[in-house]
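Take a look at the protein below. This briefing walks through its fold, topic by topic.

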Amino acid sequence: MSSPKQVNAPNAPSSLDIFSPNLFKGKVVFATGGGSGIGKHVVETMMRHGVDAVIIGRKTDRLTQAANELEAATGRKCIPATADVRDPKSIQAAAKLAVDKLGRIDFVICGAAGNFLAPLSHLSENAFKTVMEIDTLGTFNTFKATIPYVRQTHGAYIHFSATLHYQGSVYQAHVSAAKAGVDALSNVIAIEEGPYGVRSNVIAPGPIGGTPGMDRLSSLDDPSARKIRIPLGRMGEKADIANAAVFLFSNGAAHVTGQILVVDGGAQHTYSGMGVFPYPESVLEFEKIKKLVPRL
Ligand code: HXC
């Protein structure tokens, strides 16, 4: 018998082949981290289904350019709002801007995140605090700023988390701790806001190709790094995450809340999971590879 070959999952289909182009007509999405990477792709996909958007980020120039690109690609409105999720006042102002300009907030994407590779013993107190503040406190601040509006529309939240914290992931203690907090917050939002008709879910992406973060990690030439194992045979695509988000925001998920949807081709169930450096011995190699980890 000839050796069996890996059967890879088909590439992610366009959401327009699955969902109606008018699915989100008349709705507004408020997206932190919506100006780049996976967040931007999810916003673009939702705009192709009729939503207008407010994207939130710290860098005005990059955000304005992203908003222009999103409008040009989809023909929908996209408003850039400069804010730092760590600063409650700035995120409250962004939420107010969204309602002043677009009249409502139906959907909230909490996608702002901080990440870099470092062993726990190398992290300064401020480095740990910074990631906790962007990811976990930022989720809280975004919730507080938007919930009065989201209750009015009986809307929904999607929080972008990770699978890093399901096992230990070396160099990612700070991110793992922060994302565990994000998962917990989403579950409580689901319980406490369910009676107001508001849903809250988490998407936990596995390794997604073509993002700045993954490109950075893949560029590391660490001999002890173990390859990520993905049972479905291919890296995730941004469209895989966007399709999951469109489903979770749609009425198709009307009875789905307090869930964590892992989109990772099954990688979480393998030993290597999301951890790019799962071997304990790679900790001892950190000094060697540190110079390869570019600071952003
Ligand atoms: C160690 C670092 C560091 C690094 C920053 N710090 N980069 N420590 N190694 N590579 C420390 C700084 O020295 C400082 O501590 C503290 O962190 C704050 O750094 P600042 O640069 O002053 O903060 P700020 O300008 O707010 O930037 C925060 C940041 C940001 C987190 C460092 O650059 C960032 O968000 N970058 C990554 C964005 C990103 O990739 N997002 C995608 C996330 S994907 P001291 O003590 O010196 O003051 C994701 C999914 C997870 O999260 C799954 C992926 C595997």
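How many helices and strands does the protein chain have? The chain has 9 helices and 7 strands. Helices (H or I, at least four residues) and strands (E, at least two) are DSSP runs, numbered from the N terminus. This is a predicted model: local features need pLDDT of at least 70, side-chain atom pairs count only at pLDDT 80 or more, and totals for chains, interfaces and linings use all residues. Residues are numbered from 1 along each chain as its sequence is written.

**The chain overall**
- Of the 296 residues in the protein chain, 46% count as buried. Buried means that 20 or more other C-beta atoms lie within 10 Å of a residue's own, with C-beta atoms placed from the backbone.
- Take contacts between residues at least 6 apart in sequence: 77% of them join residues at least 24 apart. A contact needs C-beta atoms, placed from the backbone, within 7 Å.

**The sheet**
- The 7 strands of an open sheet follow the order β3-β2-β1-β4-β5-β6-β7, with parallel pairing. Two strands pair if DSSP finds at least two bridges between them.
- The edge strands, β3 (78–82) and β7 (260–263), each pair on one side only.
- From one strand to the next, the twist averages 20 degrees.
- Strand β1 (residues 28–32) runs parallel to β4, joined by 4 bridges. Here T32 stands opposite C110 in β4.

- On one pairing, 4 bridges join β5 to the parallel strand β4 (residues 107–110). A156 is the bridge partner of F107.
- The chain crosses from β4 through α4 to β5 in a right-handed β-α-β crossover. Right-handed means that, with the strands pointing away from the viewer, the path from the first strand over the helix to the second runs clockwise.
- On another pairing, 5 bridges join β5 to the parallel strand β6 (residues 199–205). There A156 partners R199.
- β5, helix α5 (residues 173–193) and β6 form a right-handed β-α-β unit.

**The ligand shell**
- Of the 16 residues around the ligand, G114, F116, S124, N126 and A127 come nearest. A residue is near if its C-beta atom, placed from the backbone, lies within 6 Å.
- Helix α4 (residues 125–153) gives the largest share of this shell, 4 residues.

Notes
Buried ≥ 20, exposed ≤ 12 C-beta atoms within 10 Å, placed from the backbone. Contact = placed C-beta atoms within 7 Å. Axes fitted to C-alpha atoms, helices over the stretch in contact; angles between N-to-C directions.
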